[in-house]
Amino acid sequence: MKIVTLTEDEISSLKQSYGDIYFNDIKLIDKFFVKGALDRFNRILSEEEAQQLLTNKYQNKLDETNYINCFNEFFESCDKQQVYVHCADIFHSSVISYKRVLSREEYRYILLLKQFIKGEFIRTNDRNILEFLFRLSLDTSSFSNFFFPSISTVIIGNYDMSFPILCKDHQTIIKLENIAHASGLYIRR
């Protein structure tokens with residue numbers, strides 16, 4: 001398994017590149033990033049629409065494929081370079097909490113991952129690991145933030161299959177919008 005726990009120097013480097021790596025400071029985000037949201041809807045839903053559309057587990061499962069394809073295309077667009085992942089949920093959680101929500105195979109994989117993840121921040125270019133961590137964010141089992149340094153972009157784990165995307169420039173978000181659209185998704189701005 002190709003997982004490396006970040007050193008304090010690497011975490012400091014992330015902080016220099018992205019500012020508040022926990023993304024709690026909205027003013028800092030507005031100042032340094034072009035923002036969007038990777039979503040299956042091209043607009044913000046009304047409360048009624050959200051209640052009806054976001055609770056459909058069958059539709060969520062169908063849409064999951066589009067998200068995985070899109071995420072993999074983002075990774076491909078970075079020439080499969082290292083991705084930094086803030087996976088605090090996995091690092092701090094008990095494996096027992098996953099037993100109730102994951103399939104047996106996924107649960108075994110999380111046990112294996114927990115052996116390799118020795119800190120909140122890791123880096124990897126292993127597509128299977130990245131895809132698994134992204135799937136956990138999709139089904140809200142565990143949220144992770146994905147830093148793509150080669151394109152200066154972060155995808156933030158979030159609820160309702162709506163993932164904030166922060167890019168350092170307009171060209172990158174336009175490129176990602178095209179990838180999302182080809183995958184049947186949108187990046188709302």
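Which residues are exposed on the other side of α7? In this predicted model, they are R104, E105, R108 and Q115.

**View 1. Helix α7 and its exposed side.** Helix α7 has 13 residues. From first C-alpha to last, α7 reaches 19 Å, close to the 18 Å expected at 1.5 Å a residue. R104, E105, R108 and Q115 are the exposed residues.

**View 2. The buried face of α7.** Y107, I110 and L113 are buried in α7. Viewed down the helix axis, the buried residues of α7 fall within an arc of 120°, so they line one face. An α-helix has 3.6 residues a turn, so residues three or four places apart point the same way. The packing partners of the buried α7 residues are α5 (88-92), α6 (96-99) and α8.

**View 3. The largest nonpolar core.** This core holds 42 residues. L38, F74, L133, F134, F146 and I155 have the most contacts inside it. At least two core residues come from each of several elements, including the helices α4 (57-77), α7 (104-116) and α9 (170-182).

**View 4. A separate core.** Another core lies apart from the largest one. This other core has 14 residues, among them F23, I29, F121 and F147.

Conventions
Residues numbered from 1 in each chain as written. Predicted model: local features only at pLDDT ≥ 70, side-chain atom pairs only at ≥ 80, totals over all residues. Heavy atoms only, no water. Core = buried A, V, L, I, M, F, W, Y, C linked by side-chain atoms within 4.5 Å. Buried < 20%, exposed > 50% of the residue type's maximum accessible area, 1.4 Å probe, protein only. Helix = DSSP H or I, 4+ residues; strand = E, 2+ residues; numbered from the N terminus. Expected span 1.5 Å × (residues − 1). Arc of directions from axis to C-beta. Contact = heavy atoms within 4.5 Å.
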